[in-house]
Amino acid sequence: MVEREQRTPGEQRPLDGLPAGVAAAWGLKERPGKGPARALDVRRIVAAAIGVADAEGLAAVSMSRVATEIGVSTMALYRYVASKEELLVLMEDAAIGTPPAGPPSGECWRPGIEHWARAYRAVLLRHLWIVRIPIGSPPLSRHNVEWMEYALAQLAATGLDAEEKLGVMVTISGYVRSDVALHADIDQATRASGTEWSDVEKRYWGLLSELTATGDFPAIRALLASGELADAAEAADTEGTAEFEFGLSVILDGIEARISARNR
């Protein structure tokens, strides 16, 4: 027989108060046994919800919609997932998965962090709805913690202190999410208008050129006159990889300078 943990009245364990969705993602929440929906399981529910979100966006996801997709009653769904909030946690955790293998951690931190940032961005671009999930707390679900572990392991030999390592991770993940959020906005706008974003950009630069042709806008006129914007538009890819890589390199250059200064 397993002995129960002894606790004083009012004492809380570290896992007390863990959000239900997070507990479910870690496999710490009991699931129903046999019942009217015993052919149903959490994985099937989460997969159906992800399918709806990928196709139509996060706003289309509801408990009733997911139940309809699976072909069960909404009440049957609630036997396995307690709320939409729990469902969202499970959806994100399943969608991001485990970080893909990359360079092993060691003295050279930058390739590993670059791999981590690009892999995280690739996941979010496949599931744009993730950046629409309201952030109510720091990441706690199992796969989120695995991504955190990967990033921190790459920074182990940098000489940065714990707060700085965490700051690097938060800065880069924030940059990735901001970049993907822009793509999500563009995707939503083009779907609503039925236009291509390249056409929107061309119209924007044309309007900006006319509006700033006179007045105190010499820097903008010089930018437009350079011809580089037209060249960039021709070479641009739909996912904005070049722009992302430029921003990432700027951030990593700054981090590298800080590490070099620390290790002198």
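**Working chat on a helical chain**

Colleague: Which residues of the largest nonpolar core touch the most other members?

Modeller: Of the 58 residues in that core, I45, V66, L87, M91, W129 and I172 touch the most other members. A nonpolar core is a set of buried Ala, Val, Leu, Ile, Met, Phe, Trp, Tyr and Cys residues joined through side-chain atoms within 4.5 Å. Buried means under 20% relative accessible area, exposed over 50% and partly exposed in between, for a 1.4 Å probe and protein chains only.

Colleague: Which elements give two or more residues to this core?

Modeller: These are α1 (20-25), α2 (42-56), α3 (63-70), α5, α6, α7, α8 and α12 (241-262). Helices (H or I, at least four residues) and strands (E, at least two) are DSSP runs, numbered from the N terminus.

Colleague: What kind of model is this?

Modeller: It is a predicted model, in which local features need pLDDT of at least 70 and side-chain atom pairs count only at pLDDT 80 or more, while totals for chains, interfaces and linings use all residues. Residues are numbered from 1 along each chain as its sequence is written, and side-chain values use heavy atoms, with hydrogens and water left out.

Colleague: How many helices and strands are there?

Modeller: The chain has 12 helices and 0 strands. Of its 264 residues, 34% count as buried.

Colleague: Back to I172: what is in contact with it?

Modeller: Apart from neighbours within four places in sequence, I172 is in contact with I113, W116, A117, L248, I251, L252 and I255. Contact means heavy atoms within 4.5 Å.

Colleague: And V176, buried or exposed?

Modeller: V176 lies in helix α8, and it counts as buried because its relative accessibility is 0%. V176 and R121 are 55 residues apart in sequence, yet 5.8 Å apart in space, C-alpha to C-alpha.

Colleague: Which residues of α7 are buried?

Modeller: They are H143, N144, W147, Y150, A151 and Q154. Down the axis of α7 these residues fall within an arc of 120°, so they line one face of the helix. The arc is that of the directions from the helix axis to the C-beta atoms. Their cover includes α5 (84-96), α6 (110-126) and α8 (162-193).

Colleague: What about α3, and which residues does it bury?

Modeller: The buried residues of α3 are M63, V66, A67 and I70. Those of α3 fall within an arc of 100° seen down its axis, so they line one face of the helix. They pack against α2, α4 (74-78) and α5. Just after α3, G71 takes a positive phi of about 90°.

Colleague: How much space lies in the second largest pocket?

Modeller: About 820 Å³. On a 1 Å grid over the protein atoms alone, a pocket is an open set of points where a 1.4 Å probe fits, with protein on both sides within 12 Å along at least five of seven lines; lining residues have an atom within 4 Å of a point. Grid points are joined across faces, edges and corners, and the volume is the space filled by probe spheres set on the points.

Colleague: Which lining residues lie nearest its centre?

Modeller: Of the 31 lining residues of the second largest pocket, E92, I135, S137, P138 and P139 lie nearest its centre. Helix α8 gives the most to this lining, with 6 residues.
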